[in-house]
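This report describes one protein chain for a reader who is new to structural models. Please examine the sequence and the structure before reading on.

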Amino acid sequence: MRFRLIIMMLGMSLSAVAQYPPQAGVSGSTAISANDSRFVAWANTCTLVRGWVDIADKSQGYTGFGAEADATGKKDGRILCMGDSGVATLTFVAPLFNGPGADFAVFENGFANPNDPEEAFLELAFVEVSSDGVNFVRFPASCLIDTPQIPGAGVYSNARKINNMAGKYIAGYGTPFDLEELKGIPELDVNNVTHIRIVDAIGSLGVNASLDKDGNKVNDPYPTPFITGGFDLDAVGGIHVKGQFPSSVGDVAQEQTITVAPNPAREHITVSLNENVAQAVVTLTDAAGRLVKQYDINHRILSINIGTLQSGVYFLTSRDEQGNKCTARFVKY
Ligand SMILES: [Ca+2]
Ligand SMILES: [Ca+2]
Ligand SMILES: [Ca+2]
C-alpha cells in the first residue's frame, strides 16, 4: 500500500514537471511556419457555433468578430473570434490522412513576450477530428500552467506547459497535430479524416473550467469580455490531404509579412513590412473593423503615434501593388 502511494506520488510529480516543445523560434520547437512547403491545402469551409463573450455572464451574449470565411484559406491574419466555448468545424477539399509526422496545423494569433522568447500571450483550444462528421475524437490535451488565473491581458504563458492544444504557438506559426496519436480508436479512421473541430478552451479556473486529458483546469486568458473574446482562429493548414501535393518552390508567391513592435504599446508603434515591398497601403482598423487611419507608404518601416487612440485591440493591414494582403494585431493600453 505504502509502495503504491510512493509510485502514485512519483507519477504525479513527473507529470507536474512534464515539459513539451518550446515556443516558436526557440530550439526544439515543433511550430510550423505558415510558409512551410509541407502545407498542400488549407481548410476551405468553416462552420462556427459562436461562444459567449463571458460564459459567467450570458447576458453579454455571443462574440461577434470575424466571419467563418476568415478561418478558411491560407493563414492571412484575418481571424474568427470564437468566444468562450465556441466551436468551429472545418473541412478540406479532400479527407486528410495519417502520413509521416504532423498531418495538419492550426493557426491562432498569439504574440510573444518582447522580453522573453519562451513566453507569449496564448489563447488555447481543443482539437478534435472525425471521419464521419458525427463522431469526433479529441487529441489528448495537456495544460500544466499552474499559476493563478491568467487575466484577459498582460500575462504570458510558456509553451513548454502546453501539449496538443491549438494556440500553443504565436501568430504565423501553426501548432501541429499528428493523427498517429489517435490510431486504433474504433470510431475514427485516421486515414480518412473529413472534419476538424476547434473547441475554445474557456480558461477559467472557476466553475466553468475546461479540463485537459488528466482533469487539470486549462488556465488561459479569462475573462476576455469583448466581442473579440476567446480563441482567434486564423487558419488550418493541411499537410497530408488526399490527392494534394506540395507546389514546386517556384510557384510559391512572395509571402507578405507585417510586424508590429512593441506590442502591447502605449505611445508609438513601429510597423515593418517584408523587405521587397516597394509600395503598400497600410490601414489601421479598430476591433469592430472600423477604419481609423490609412497610410500610403513607399518604404518598409512605418512609425505610428498611437497616443491618442483609445485602449483596445487594433488591426493593421497592408496591401501591396499586387493586391497581396496581410494583417497584424496589436493592443493599445
Ligand atoms: Ca501523421
Ligand atoms: Ca479562453
Ligand atoms: Ca484567416
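## A hairpin of two strands

Two strands are said to pair if DSSP finds at least two bridges between them. In this predicted model, strand E18 and strand E19 are joined by a hairpin through six residues. E18 covers residues 258-261, and E19 covers residues 268-273. The two strands run antiparallel and are joined by four bridges. Within this pair, Ile258 stands opposite Leu273 in E19.

Which residues of E18 lie on its covered face, and which on its uncovered one? Ile258 and Val260 form the covered face, whereas Thr259 and Ala261 form the uncovered face. In a regular strand the side chains alternate between the two faces of the sheet.

## An open sheet

The chain also contains an open sheet of five strands, with antiparallel pairing and the order E3-E5-E15-E9-E10. Its edge strands are E3 (45-49) and E10 (137-138), each of which pairs on one side only.

Strand E3 is joined to strand E5 (residues 87-91) by five bridges, and these two strands run antiparallel. Leu48 stands opposite Ala88 in E5.

## Nonpolar cores

In soluble globular proteins, nonpolar side chains tend to be buried together. The largest nonpolar core of this model has 72 residues. Ala88 is one of the residues with the most contacts inside this core, and Leu124, Met165 and Ile198 are also among them. A second, separate core has 15 residues, including Ala265, Val271, Ala280 and Val313.

What does Leu124 touch, once its neighbours within four places in sequence are left aside? Its contacts include Cys143, Ile162, Met165, Ala166 and Phe231. Gly203 and Asp220 are also among the residues in contact with Leu124.

## Two domains

The chain is divided into domain 1, residues 18-238, and domain 2, residues 254-332. The centres of the two domains, taken over C-alpha atoms, are separated by 25 Å. Twelve residues from domain 1 and twelve residues from domain 2 take part in the contact. On the side of domain 1 that touches domain 2, six residues are nonpolar, four are polar and two are charged.

## Confidence in the model

The mean pLDDT of the chain is 90, and 90% of its residues reach 70 or more. Over residues 249-253, however, the pLDDT is below 50. Beyond near neighbours in sequence, this stretch has two contacts in the model.

Terms used. Residues numbered from 1 in each chain as written. Chains lettered and ligands numbered in written order. Predicted model: local features only at pLDDT ≥ 70, side-chain atom pairs only at ≥ 80, totals over all residues. Domains from an automatic or database assignment. Contact = placed C-beta atoms within 7 Å. Nonpolar A, V, L, I, M, F, W, Y, C, P; charged D, E, K, R; others polar. Buried ≥ 20, exposed ≤ 12 C-beta atoms within 10 Å, placed from the backbone. Core = buried A, V, L, I, M, F, W, Y, C linked by C-beta atoms within 7 Å. pLDDT = per-residue confidence, 0-100.
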